[in-house]
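Please open the model in your viewer and keep the selection panel at hand.

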Amino acid sequence: MKPAPFEYHVPTSIEETLILLHNSGSEAKLLAGGQSLVPAMNFRVVQPSVLIDLNRVKELDYLREDGECVRIGAMARERRLELEPLISKRYPLLEEAMPHVAHPQIRNRGTLGGSLANADPAAELPVIMLALGARMKVRSADAERWVEASDFFLGMFTTAVGPEEMLAEIELPSQPSQTGWSFLEVAPRAGDYALMGVAALVTLDENQKCKQARLVYLNAGDGPLVAKEAAQLLKGETFNDELINSAAALASGQEINPFGNIHASPEFQRHLANVLTKRALKTAFKRAGEESIQ
Amino acid sequence: MTQMLPVRITVNEKVYQREVEPRVLLSDFLRHELGLTGTHVGCEHGVCGACTILFDGESARSCLMFAVQADGHEITTVEGLAKDKDHLHPLQQAFWEAHGLQCGYCTPGILMTLIPFLKQNPNPTEEEIRHALSGNLCRCTGYQHIVDAVKLAAEKMK
């Protein structure tokens with residue numbers, strides 16, 4: 001298993017990268033951490049004729065607070081997100097999901113931007129970005145635009161990033177106070193692709209009623225899947241078992257659309273979604289009541 | 001014409017200069033170009049962990065990188081662990097003593113995974129050890145003796 005030949009470019013700036021992309025167009029692939037692209041190239045499922053390596057574009061590797069939000073460069077390594085105190089302080093949901101993103105060896109190389117641009121429906125990071133309401137900065141040689149996470153993932157391995165564009169930055173907005181979180185998944189072995197996973201965020205008002213909730217699933221359709229109706233059901237309610245059961249039943253029974261794979265039938269995936277949703281909501285409600293994201 | 005690129009890579013503290021085709025994987029470069037066959041190649045798609053090396057001190061899959069990407073960087077392979085042939089690294093010695101291997105194919109990758117792990121976590125619990133090893137497949141041992149070896153290594157390396 002060896003990759004097919006390609007022309008290799010290793011730019012050192014965003015500007016140089018965008019010119020290279022413009023000149024090679026759809027022939028080119030951007031190489032970020034390579035933890036999904038290189039296996040696909042080894043299998044020759046993907047055979048780009050031009051490979052543009054982003055690993056020496058230092059200006060794409062950052063993570064910093066900027067007023068209310070946090071800005072993360074597309075080439076920030078997953079391992080950095082996992083260990084960064086700013087993330088654990090402001091986005092504990094992301095922190096909780098990180099150990100599930102493959103293995104330490106993979107996270108040492110893998111990048112946030114790479115995972116999002118790859119848009120694997122089984123990946124954790126697209127789900128977390130949707131739950132947190134991230135925005136993506138997409139650049140081309142002559143333009144720059146911002147895309148909401150909800151408009152970014154268009155389907156299986158498909159995003160809003162065009163052939164001459166690149167994902168440059170991820171902006172995470174501040175989270176409301178009294179917000180509880182939970183990320184849970186079931187995988188055959190730690191670090192494997194999960195059979196099902198859910199990210200839950202619950203924000204309470206001063207009367208402990210749910211002001212707003214988000215439920216996003218992985219491996220539950222052709223991209224990260226938001227269960228809007230189940231979240232709507234929680235709004236204005238206080239925590240009780242019946243409420244949680246109804247939301248879980250609605251999300252797992254009607255809103256998600258799992259395809260099944262060799263490890264799990266769609267019915268089993270729905271069962272997992274039901275159980276995980278109940279557990280995740282219970283934890284998120286509890287945390288929203290006792291802790292708050294700073 | 002095939003594109004050939006010059007690289008200067010430090011492997012086990014020794015500097016190597018070569019010309020490589022960009023599609024050459026780092027794992028193949030180490031084995032075929034440098035003759036360092038201690039780095040094993042199992043699945044070639046990042047699942048088995050046999051090809052794990054240290055890239056600037058952090059564990060990484062050498063089958064998921066191109067050799068050109070290692071230009072100017074420091075690589076450590078399993079050959080870089082022992083001081084000489086009579087003095088194994090304490091981690092290797094612990095694997096020897098606790099029977100942490102059978103066929104040995106996965107062992108180099110496991111050792112290279114554990115070097116940074118034990119540095120960051122010198123007193124790991126069994127659960128942490130098992131989690132650290134989750135990216136390395138062993139088809140012989142059932143992992144029990146590997147876990148024992150890691151515990152012994154942690155003791156030795158204190």
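Two strands are said to pair if DSSP finds at least two bridges between them, and strands (E, at least two residues) are, like helices (H or I, at least four), DSSP runs numbered from the N terminus. This is a predicted model, in which local features need pLDDT of at least 70 and side-chain atom pairs count only at pLDDT 80 or more, while totals for chains, interfaces and linings use all residues. Residues are numbered from 1 along each chain as its sequence is written, and chains are lettered from A and ligands numbered from 1 in the order in which they are written.

Select residues 5–11 of chain B, which are strand 1, and then strand 2 of chain B, with which strand 1 pairs in the antiparallel sense over seven bridges. Within this pairing, Val7(B) has Arg18(B) of strand 2 as its bridge partner.

Now widen the selection to the open sheet of chain B, where five strands stand in the order 2-1-5-3-4 with mixed pairing. Its edge strands, each pairing on one side only, are strand 2 (14–20) and strand 4 (58–61) of chain B.

Finally, move to chain A and select Met196(A), which belongs to strand 12 (residues 196–204) of chain A. Is Met196(A) buried or exposed? Met196(A) counts as buried because it has 27 C-beta neighbours inside 10 Å, the cut-offs being 20 or more other C-beta atoms within 10 Å for buried, 12 or fewer for exposed, and partly exposed in between, with C-beta atoms placed from the backbone. Select Arg270(A) as well: its C-alpha atom is separated by 8.3 Å from that of Met196(A), although the two residues are 74 residues apart along the chain.
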